[in-house]
Amino acid sequence: SGQGVIMRSGNSSKPESLSRLTNRFEIAVSNFGRSCIAMRSNEKAFQAWFAACVIQEFGLSRVYREVHLDKKELFKGMAPQEFFEGLRAGNELFPDLSITWEPDVDTRHTSNRDYSAAEMLAQMAIVTEFKATGSTRIATSHAQVLRDIQKLALFSMALSVFQGSAPSMRGLATYM
């Protein structure tokens, strides 16, 4: 039914669904929000604090920042779509934060891995883009927000193309 399943680490052998992972992620985001709501800093600090809250929930070996994904591989097999045209320039895209299905995934730079961007996405359960819009003097542009939404949509579509029409045991949740 498209619900992802993993085996939980530790003593439990019960599979964990994508739904349960997203619930846990949303708890971590709520904790982050409550902890940081009154803080004033730059976006990089908020990114670090956000990652720290997610690490508290999932553990260090399942949370990754800015995993590099080769654009040519992401676009492979996809019909050209005007919505993604702004993303085609350059070599790589990367989500701000990723949570993997299993611990200790090889997230080295694209040139050092032996698998494609789509195979890398298949190892991810949740990918996020994060904007700390209240931390800047000048408003975050609509273009910046749209680019992050486009990236998340591309990650989802690239994984769907990779998986083909066969039903998948794992899914990918995206958050902005």
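**Close-up views of a predicted protein model**

Residues are numbered from 1 along each chain as its sequence is written, and side-chain values use heavy atoms, with hydrogens and water left out.

View 1. Helices (H or I, at least four residues) and strands (E, at least two) are DSSP runs, numbered from the N terminus. Starting at that end, the elements go β-β-α-α-β-β-α-β-β-α-β-α-β.

**View 2. Four strands make an open sheet in the order β3-β6-β7-β8.** The pairing here is mixed; two strands pair if DSSP finds at least two bridges between them. At the edges sit β3 (63-65) and β8 (173-175), each pairing on one side only. From one strand to the next, the twist averages 20 degrees (axes are lines fitted to C-alpha atoms, for helices over the stretch in contact, and angles run from 0 to 180 degrees between N-to-C directions). Zoom in on β6 (residues 97-100) and β7 (residues 124-128): they run antiparallel, joined by 4 bridges. Serine 98 stands opposite valine 127 in β7.

**View 3. Helix α2 (residues 43-58) lies across β3, β6 and β7.** The helix runs at about 160 degrees to β3.

**View 4. Phenylalanine 25 sits in helix α1 (residues 18-36).** This residue counts as buried because its relative accessibility is 2% (buried means under 20% relative accessible area, exposed over 50%, partly exposed in between, with a 1.4 Å probe and protein chains only). Leaving out residues up to four places away in sequence, phenylalanine 25 touches Phe50, Val54, Phe58, Leu97, Ile99, Ile126, Thr128 and Tyr175; contact means heavy atoms within 4.5 Å. Phenylalanine 25 and isoleucine 126 are 101 residues apart along the chain, yet 8.4 Å separates their C-alpha atoms.

**View 5. Phe83, Leu146, Ile149 and Met176 make a nonpolar surface patch of about 350 Å².** Patches are made of residues with over 30% relative accessible area and no salt bridge; like charges are joined within 9 Å, nonpolar side chains (Val, Leu, Ile, Met, Phe, Trp, Tyr) within 5 Å. A salt bridge is a side-chain nitrogen of Lys or Arg within 4 Å of a carboxyl oxygen of Asp or Glu. Look for phenylalanine 83 in the loop between α3 (71-75) and β5 (92-93); with a relative accessible area of 37%, phenylalanine 83 is partly exposed.

Conventions: Predicted model: local features only at pLDDT ≥ 70, side-chain atom pairs only at ≥ 80, totals over all residues. Areas by Shrake-Rupley, 256 points an atom, 1.4 Å probe, with all protein chains shown as cover.
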